[in-house]
Amino acid sequence: MENKNLRIVFMGTPDFAVESLKALVENDFNVVGVITAPDRPAGRGQKLKQSPVKEYALTVGLPVLQPEKLKNEDFLNELRALKADLQVIVAFRMLPEVVWNMPPLGSLNLHGSLLPQYRGAAPINWAVINGDKKTGVTTFFLQHEIDTGNIIMQKEMPIEDDDTAGSVHDKMMVMGAQVVVKTVKAIQSNTAKAIPQNEFSDATTLRPAPKIFKDDCKINWYDSSESIRNKIRGLSPYPTAWTELEMVNGKKISTKIFNSEVSKDIQLTPGTIKSDNKTYIAIGTEDNAIIIKDLQLAGKKRMLTEDLLRGFDTTQINGLQQ
């Protein structure tokens, strides 16, 4: 079967998904429809904003559907009318069986981890938070339980010591698109092998990747310096690790931290701050100190520490709320 004869419906919403859709289009696959999130109000003016996937789809003339509810009968009829042989899902919401079971060749999903590890909503973040040295992408066929379907392909990538969730995301986005194209070609040629996840050697000890909430992002300065640094890396640039400064006047300032490094030369008790008010801010941890490199005070813009210190007096900080 030639690429143009394989009818594909693509489902995705954020930038991460655009690269895969673009790769399918540029490899001359017949993408007959794109399903993405409805336009949402955004920004100060609350103007309706299109998803990145919709924006790209429209530039290449692809038909777009934006259902509020995936079980809506009108949407299901529109989806059936596309007569897809295969559905490709990248960074989209959970699908009901009536949707993922519709095409004869199935529905494949791209996931940002080496399944069966890090099933869940935030696999990139958790791999970096946990200090892993490698991650990867997996394509698999959807089935009832989330992220548990039979694995088609995987590809590893290293997590470098200075990587953040953001940098891993950007590298994985490109690599994932390549794996999606390779997977679709294997399905098309009937050479794809789908392997149950319980046959993988690490399936007995699973690490989850649940959705991350604001409270999960708060730094505990009684943790080790390396675990704190990994947490900052794994939450940067979003949703971002944070702490709360308690000022001598009683005011509390929520502070996001985007980048840091461990210092073994400075010894401070956990949560204690030291600064020369010119070039650095150090905070004590369980074992060493964390040097804050890049941060954002509530109501201010993100900036490097040395830029912040030109107009911020750290002697006015009473301590950090634990």
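Modeller: Let us begin with strand pairing: two strands pair if DSSP finds at least two bridges between them. Please bear in mind that this is a predicted model.

Colleague: In β8, which residue is the bridge partner of His111?

Modeller: His111 has Thr138 as its bridge partner in β8. Strand β8 covers residues 134-141 and is joined to β7 by 4 bridges, the two strands running antiparallel.

Colleague: Which strand runs parallel to β7?

Modeller: In general, strands of a sheet pair through backbone hydrogen bonds, either parallel or antiparallel. Here the parallel partner is β6, residues 86-90, which is joined to β7 by 4 bridges. Within that pairing, Gln87 stands opposite Ser107.

Colleague: Which way do the residues of β7 point?

Modeller: The general rule is that in a regular strand the side chains alternate between the two faces of the sheet. In β7, Leu108 and Leu110 point one way, while Ser107, Asn109 and His111 point the other. Residues on both sides are buried, and β7, spanning residues 107-111, is mostly covered, with 5 of its 5 residues buried.

Colleague: What is the order of the strands in the open sheet?

Modeller: The open sheet has 7 strands in the order β5-β2-β1-β6-β7-β8-β9, and its pairing is mixed. At the edges lie β5 (64-65) and β9 (151-158), each of which pairs on one side only.

Colleague: Why is strand β1 largely enclosed by the rest of the structure?

Modeller: Burial here means under 20% relative accessible area. Strand β1 (residues 7-12) has 5 of its 6 residues buried, so it is largely enclosed by the rest of the structure. It runs parallel to β2 (residues 30-35), to which 5 bridges join it. In that pairing, Arg7 stands opposite Asn30, and Ile8 has Val31 as its bridge partner.

Colleague: With which residues is Val90 in contact, leaving aside its neighbours within four places in sequence?

Modeller: Val90 is in contact with Phe10, Met11, Gly12, Thr13, Phe16, Ala17, Ser20, Leu110 and Val180.

Colleague: Is Phe75 buried or exposed?

Modeller: The cut-off for burial is under 20% relative accessible area. Phe75 has a relative accessible area of 3% and is therefore buried. Phe75 belongs to helix α3 (residues 73-81). Not counting residues up to four places away in sequence, Phe75 touches Ile35, Leu65, Pro67, Lys69, Leu70 and Val99. Of these contacts, Leu65 is 10 residues apart from Phe75 in sequence, and their C-alpha atoms are 8.0 Å apart.

Colleague: How many cavities of 30 Å³ or more does the structure hold?

Modeller: A cavity is a space where the probe fits but cannot get out. The structure holds 1 cavity of 30 Å³ or more, and the volume of the largest cavity is about 90 Å³. It is lined by 13 residues, of which Leu245, Thr255, Ile281, Ile283 and Leu295 are the closest to its centre. Two or more lining residues come from each of β10 (241-247), β11 (252-263), β13 (281-284) and β14 (289-297), with the largest share, 3 residues, coming from β14. The lining comprises 11 nonpolar, 2 polar and no charged residues.

Colleague: What volume has the largest pocket?

Modeller: A pocket, by contrast with a cavity, is an open set of points. The largest pocket has a volume of about 1,200 Å³. Its lining has 39 residues, and the closest to its centre are Pro14, Ala91, Phe92, Gly120 and Ala121. The elements giving two or more residues to this lining are α1 (15-26), β7, α5 (123-129) and α6. Helix α6 supplies the largest share, 5 residues. By class, the pocket lining has 22 nonpolar, 11 polar and 6 charged residues.

Technical notes. Residues are numbered from 1 along each chain as its sequence is written. This is a predicted model: local features need pLDDT of at least 70, side-chain atom pairs count only at pLDDT 80 or more; totals for chains, interfaces and linings use all residues. Side-chain values use heavy atoms; hydrogens and water are left out. Buried means under 20% relative accessible area, exposed over 50%, partly exposed in between (1.4 Å probe, protein chains only). Contact means heavy atoms within 4.5 Å. On a 1 Å grid over the protein atoms alone, a cavity is a set of points where a 1.4 Å probe fits but cannot get out, and a pocket is an open set with protein on both sides within 12 Å along at least five of seven lines; lining residues have an atom within 4 Å of a point. Grid points are joined across faces, edges and corners, and a volume is the space filled by probe spheres set on the points. Ala, Val, Leu, Ile, Met, Phe, Trp, Tyr, Cys and Pro count as nonpolar, Asp, Glu, Lys and Arg as charged, and the others, Gly among them, as polar.
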